[in-house]
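Subject: Handover of a structure and findings

Dear colleague,

Please find the structure below, with its sequence.

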Amino acid sequence: MDMRQHEHTQSGPHEPHGHQGQGHEDHGHEDHGHQGHGHQEHHGGATSWSMAAQATLHCLTGCAIGEIVGMAIGTALAWHNVPTMILAIVLAFVFGYSLTMRGVLRAGLDVRSALRVALAADTVSITIMELADNATIVVFPGAMDATLSDVLFWLSLALSFMVAFLVTTPVNKWMIGRGKGHAVVHQYH
């Protein structure tokens, strides 16, 4: 908490002096990492939905890489559906966490701290995303039996990622608004 206050104190002199006491600029010294006290509502839905969409796309990128790699490995090894899906889910978490850790490590955190931030930032988001997209693939007719060379495989995968995005974005919006989930990472950007 003291660190955030220190950061905001340092950033204060850089704000334009003619805008103090007016609308949005009036919040220059508030704790932006702790948005659960009406702060988010003041900025309006567009900003918060944008942040949620960006956080979801970030997680979706890692999940997509992991799932495609997992499915490619499972298919190449002629595994059945269940072990292939398990590998794809595990790799979705690995790649999802790795993308977050990469950015946090560049900000100067050690590996252990970066892992803690990634776990706090992405676990709920990736879990919901994986539940949504895997459920979509399971109920999509023929998708479980499609191979990487089938158009049906890629269509069902694209649909599953769209469903995962649509289901996870409101969850990320809610979590970011309470200073949780991907909000944990924002202080390192």
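Helices here are DSSP runs of H or I with at least four residues, numbered from the N terminus. Please note that this is a predicted model. Under that numbering, Ala-72 lies in helix H3. Ala-72 counts as partly exposed because its relative accessibility is 29%, and that class falls between the buried limit of under 20% and the exposed limit of over 50%. In space, the C-alpha of Ala-72 is 7.0 Å from that of Leu-148, although the two residues are 76 apart in sequence.

The loop between H3 and H4 holds Ala-78. This residue is not a glycine, yet its phi is positive, at about 55 degrees. For context, most residues other than glycine have a negative phi. Ala-78 has 63% relative accessibility and therefore counts as exposed.

Turning to helix packing, H4 covers residues 81–106 and H5 covers residues 111–139. Their axes are 8 Å apart, and the helices pack at an angle of about 145 degrees. The crossing of H4 with H5 is right-handed. In the contact between these two helices there are 16 nonpolar residues, five polar ones and two charged ones.

The largest nonpolar core has 27 residues, of which Met-71, Val-104, Ile-126, Met-129 and Leu-157 touch the most other members. At least two residues of this core come from each of H3 (45–76), H4, H5 and H6. The greatest contribution to the core is that of H5, with eight residues.

H6 runs from residue 151 to residue 177 and has 27 residues. From first C-alpha to last, H6 reaches 39 Å, close to the 39 Å expected at 1.5 Å a residue. Just after H6, Gly-179 takes a positive phi of about 75 degrees.

Yours sincerely

Conventions: Residues are numbered from 1 along each chain as its sequence is written. This is a predicted model: local features need pLDDT of at least 70, side-chain atom pairs count only at pLDDT 80 or more; totals for chains, interfaces and linings use all residues. Side-chain values use heavy atoms; hydrogens and water are left out. Axes are lines fitted to C-alpha atoms, for helices over the stretch in contact, and angles run from 0 to 180 degrees between N-to-C directions. A crossing is left-handed if the near helix is turned anticlockwise from the far one by less than a right angle, and right-handed if clockwise. Ala, Val, Leu, Ile, Met, Phe, Trp, Tyr, Cys and Pro count as nonpolar, Asp, Glu, Lys and Arg as charged, and the others, Gly among them, as polar. The expected span of a helix is 1.5 Å times one less than its number of residues. A nonpolar core is a set of buried Ala, Val, Leu, Ile, Met, Phe, Trp, Tyr and Cys residues joined through side-chain atoms within 4.5 Å. Buried means under 20% relative accessible area, exposed over 50%, partly exposed in between (1.4 Å probe, protein chains only).
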